[in-house]
Amino acid sequence: MVSGRKRPEKIWEQSALPEMAEGEWRNPPWSDPVRMERTSNMKNQVLGLLRQSKGYVSGQELCEKLQVSRTAVWKAVNQLKEEGYGIEAVKNRGYFLQSVPDLVTEAEIRSCLSTGFIGQNIAYFPKTDSTNDQIRRLAEQGAPDGTLAVADSQTAGKGRRGRGWSSKAGEHIFMSLLLRPDIQPLHASMLTLVMGLSAARACGEILEEQGCEEQIQIKWPNDLVWKGRKLCGILTEISMEMESIRYLVVGIGINVNGTDFPPELKERAVSLCMILGRPLHRAELIARTLKHFEQDYQVFLQTEDLSGLLEDYTSRLVNYGRQVRILDPGNEYTGIARGINARGELLVECDGVLRQVYAGEVSVRGVYGYT
C-alpha cells in the first residue's frame, strides 16, 4: 500500500522567483483601483457590446452605454478591425460584428466570459516561456485571486516530473490561473483533478454540440484523453510560507487546432480539430473552461475535498474498471482501477485489497490501449 502524506505537486521557495519577463508590469494595475478600471479599456467594452447584439448597434447607443464620444467609439472599432474582427459600418444603422478571428487576447476572452471572479483579470502574452511562470511573477506583484495568464505560444511549457515542450502560435490553449484559497496545503493537489473535470466538461460540451458522441475522458491524475490519445495536460504548483499556502497556480494546456505533432507524439496525441475535422474558436473554449472551473472550485471549497464532484469525475475516468500498472519506485504492481475517493486518491484493487494511490507520488498507465 502506498503510504505517507499526500504532497502538493510542486513547492516554490520565495528566493527562486524567476526574473521579470520583458514587457512585464512593473506597476501592476491591481495596485491602483482607478487604473485597474481603465485597464478594462474601450476596445474590450465595444467588442463585448457588439458580441451581445444579434444585429446592428448604433454609434449613439454605444456612446450612451459607455459614456464616451463618437470619436472614442470609432477609434475602438478601428482597433478591432486591425486585429482581424470583421465589423461592418452602415450609415444610420451602426456597427455589425460579422466575423471573429481566433484570438486569445484579453479583449476576445473577456467578450466571451461569464464568470464572477475567475479570469476577471487577464494577462495576455503573444509568446512566453511558461504561463505558470508568468502567473507566479504576477502573484509576487500582488495580482488578485482568479487572475488568468494566457499565451498564444509557449517556449518552455512545463509538465509533471519536469517534462517540457514548446508550441506554435495560434494553435492551442496555454493558460494558468492564480488562486489564493484558504485551505490546508495537503488539499492543494486536488485542484488538478477539479480543473481536469472542468476542462472535460467544457471540451465535452463542444464535441456534443458538433454531434460527436465519443466522450472526453480523464486519465488520473492530470490528463484528458480521447480514444486513448492525450488531449490536455494540467500542472498545479504551490507557493508556501511556513505551514500555509501563499498562492496556487493551476496551469492547463489543451490541444485545440494543431494537427502536426512531433513524430514521437503522433500516435499518442490528438486535438479537437482532428476530432471534429475543423478548427475551433479558442477563446470560447477558454471561457467555458473557466466558467465550469469557477463552479467546480466553489463546490470543492465547501468541503475541501471532491465529495461533491465524485460521481461526475468517476463517470469520466478512463482507467475505471480497467487493469492499470502503478509505477511506484521500487514497488511496481498491477491492479484494477475502482475510481477515486473524496481525497482524490486513485483506488486500485490488487489481490483482493483496495489500495489508495496518491496523486503526485506515482504514475498510472493503462496496461491496455493507453500508454
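Which backbone nitrogen does the side chain of Ser130 reach? Before selecting it, note that the model is predicted.

Start with the whole protein chain. Its secondary structure comes to ten helices and 17 strands. Of its 371 residues, 53% are buried. Among contacts with a separation of 6 or more, 67% are between residues 24 or more positions apart. The chain exposes about 17,300 Å², and carbon and sulfur atoms supply 46% of that area.

Now select Ser130, in the loop between strand S4 (122-125) and helix H6 (131-140). The side chain of Ser130 reaches the backbone nitrogen of Asn132, at 3.2 Å. Ser130 has a relative accessible area of 2%; the cut-off for buried is under 20%, so Ser130 counts as buried.

Next, select strand S12, residues 244-254. Ten of its eleven residues are buried, so S12 is largely enclosed by the rest of the structure.

Finish at helix H9, residues 282-303. Its 22 residues should span 32 Å at 1.5 Å a residue, and the end C-alpha atoms are 32 Å apart, so the two values agree. Step on to Glu304, which follows H9 and has a positive phi, near 60 degrees.

Terms used: Residues are numbered from 1 along each chain as its sequence is written. This is a predicted model: local features need pLDDT of at least 70, side-chain atom pairs count only at pLDDT 80 or more; totals for chains, interfaces and linings use all residues. Side-chain values use heavy atoms; hydrogens and water are left out. Helices (H or I, at least four residues) and strands (E, at least two) are DSSP runs, numbered from the N terminus. Buried means under 20% relative accessible area, exposed over 50%, partly exposed in between (1.4 Å probe, protein chains only). A polar contact is a pair of N or O atoms within 3.5 Å; within protein, one must be able to donate a hydrogen and the other to accept it, and residues adjacent in sequence count only if both atoms are side-chain atoms. Contact means heavy atoms within 4.5 Å. Accessible areas come from the Shrake-Rupley method with a 1.4 Å probe; for residues, only the protein chains shown count as cover. The expected span of a helix is 1.5 Å times one less than its number of residues.
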